[in-house]
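Here is a short briefing on one protein model. Keep the sequence and the 3D view open as you read.

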Amino acid sequence: MRRFVAERTKHLIRKNFLSSSNNHSFLSSQSSFFSSSSSSSTIVDPSSMESSSGVTLQTINPKVLKCGYAVRGAIVTQAEKLNEQLKKEPGTLPFDEILFCNIGNPQSLGQQPITFFREVLALCDHPTILDKSETQGLFSADSIERAWQILDQIPGRATGAYSHSQGIKGLRETIAAGIEARDGFPANPNDIFLTDGASPGVHMMMQLLLRSEQDGILCPIPQYPLYSASIALHGGTLVPYYLDEATGWGLEISNLKSQLETARSKGVTVRALVVINPGNPTGQVLAEENQKQIVEFCKKEGLVLLADEVYQENVYAPDKEFYSFKKIARSMGHEEKDISLVSFQSVSKGYYGECGKRGGYMEVTGFSADVREQIYKVASVNLCSNITGQILASLVMSPPKVGDESYVAYAAEKEGILSSLARRAKTLEDAFNSLEGVTCNKAEGAMYLFPRLQLPEKAIKAAEAEHIAADAYYARRLLEETGIVVVPGSGFGQVPGTWHIRCTILPQEDKIPAIVERLTAFHKKFMDEYRD
């Protein structure tokens, strides 16, 4: 019976997947900059194709068609449908639950929020309880004190009101103090722009820098699809530089120079370099010396350095440490006038994992006053980021300190989350490396593994017959037979001819053995089925 259910499931998913997926190929060759292929995240009902307003795929902005976002692509759409089926019709699939390993969304997978952060947020949003006697017994003294401090910084103590377009000044001051404590160099609150997560900051910088397709952004391959999508939406050109898988996803300056020269020879003006550290989807943590080389490269070539540092708290390798690019630049003696640097931080990652609160910031340094005015103008168009996210961003950069009532509990929660993530990363890394034809670099940081798949030629041919990338075919089969959701590596970009999947380390520890067991059994069956 289960075999019949499995075959029926595969047939239904294959039918729907083909109707909702375009070719996942990201780069057709080493020299190509960007391919518009992507996976659709919605199934379109043919009956809804006609529109009285004349809005069709042929008449919408072609930049929208060009961009893609694989993290929530066709496979995830199918997984959500199967999840609904399991709720309505238990026992109709060859597995009893969907295991979402596709996205860095910790609390959706059972991670608990940090108590101190949530206490302060609750008190700020409902300040009338601050004066009640019962509150003293329900909330820690330092969370009550912090809530009062924050409310005093908000005009009218109204968390439901708009703020300054860069964010509440007192909160920016707290964040600047946190950056200074982290780096050992001064930070200016006026350089801080509070945003709804890191993504709006990235979009804001793309709007600022990209004038036409003749403007390019150097972007790592593999990369987080936010960058390829935002570059496409804002009409620029993605200039790829390839991370070296053989050296643990190392960043070679020689490759940066080569790609920059190639782009310039094609008439592309390269405006900026994106660096993701720790890496997504690759999980590497850059060495300090490598970061110095990157800073020097950007300074010499006149490039804006866009530093995605949202995983700065997620470092698991004992021999690695996170250093912000601002700290690196200042320690090299470079002043603000020497290099344009934008650093992105988010409350969605780290040990906090507050994705739904949509909090973050960008620190903008090294731009002239007149350009800064334009950045502020773009920020003003959105009025302001949400106040809850602003408060949370300040808490992340100024958590409880030794001696505070909440410190012991806070430190235990933080350590418990990070040590568990490290154990999960190691278990999954070992599991992938035990599989035939699979190699997986160590997850030094971030929340993901990006194993390479050596797939049989028959499997690649089967994928080609269905007009999808081979790793997308593998990921789809993995979903339909086990309920495990991963993202095809083709959605992040990869060296042509290689295949990968991205798998998060976020499912709770008690779920990891089931993932390993299902993955191992599936992979053996898949390889046997397509063995040459």
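Helices H7 and H14 run roughly parallel to each other, a label for angles under 35 degrees; over 145 would be roughly antiparallel, 65 to 115 roughly perpendicular and the rest oblique. The model is predicted, so local features need pLDDT of at least 70 and side-chain atom pairs pLDDT 80 or more, while totals for chains, interfaces and linings use all residues. Residues are numbered from 1 along each chain as its sequence is written, and side-chain values use heavy atoms, without hydrogens and water.

**Overall make-up**

- The protein has 18 helices and 14 strands. These are DSSP runs numbered from the N terminus: helices are H or I with at least four residues, strands are E with at least two.
- Buried residues make up 56% of the 532 residues. Buried means under 20% relative accessible area, exposed means over 50%, and partly exposed lies in between (1.4 Å probe, protein chains only).
- Of the contacts with a separation of 6 or more, 74% come from residues 24 or more positions apart. A contact means heavy atoms within 4.5 Å.

**The H7 and H14 pair**

- H7 spans residues 169–183 and H14 spans residues 387–396. They pack at an angle of about 25°, with axes 8 Å apart.
- Axes are lines fitted to C-alpha atoms, for helices over the stretch in contact; angles run from 0 to 180 degrees between N-to-C directions.
- H7 passes H14 in a left-handed crossing. Left-handed means that the near helix is turned anticlockwise from the far one by less than a right angle; clockwise is right-handed.
- On the H7 side, the meeting residues are Leu171, Thr174 and Ile175. H14 brings Gln390, Ile391, Ala393 and Ser394.
- The residues of this contact of H7 with H14 divide into 4 nonpolar, 3 polar and no charged. Nonpolar covers Ala, Val, Leu, Ile, Met, Phe, Trp, Tyr, Cys and Pro; charged covers Asp, Glu, Lys and Arg; the others, Gly among them, are polar.

**The seven-stranded sheet**

- An open sheet of 7 strands has the order E2-E8-E7-E6-E5-E3-E4, with mixed pairing. Two strands pair if DSSP finds at least two bridges between them.
- The edge strands are E2 (192–195) and E4 (237–242), each pairing on one side only.
- From one strand to the next, the twist averages 20°.
- E3 (residues 215–221) and E5 (residues 269–276) pair in the parallel sense over 4 bridges. Isoleucine 217 stands opposite alanine 272 in E5.
- Helix H10 (residues 253–265) packs on the sheet and touches E3, E4 and E5. Its direction makes about 150° with that of E4.
- Helix H11 (residues 288–301) also packs on the sheet, touching E3, E5 and E6 (304–308). Its direction makes about 165° with that of E5.

**Backbone points to check**

- Most residues other than glycine have a negative phi, and most peptide bonds are trans.
- A cis peptide bond joins isoleucine 221 and proline 222, with omega about 5°. Proline 222 is in the loop between E3 and helix H9 (225–233).
- Asparagine 277 to proline 278 is also a cis peptide bond, with omega near -10°. Proline 278 lies in the loop between E5 and H11.
- Tryptophan 249 has a positive phi of about 65°. It lies in the loop between E4 and H10 and counts as buried because its relative accessibility is 4%.
- Alanine 446 has a positive phi near 65°. Its place is the loop between E9 (438–439) and E10 (448–449), and its 0% relative accessibility makes it buried.
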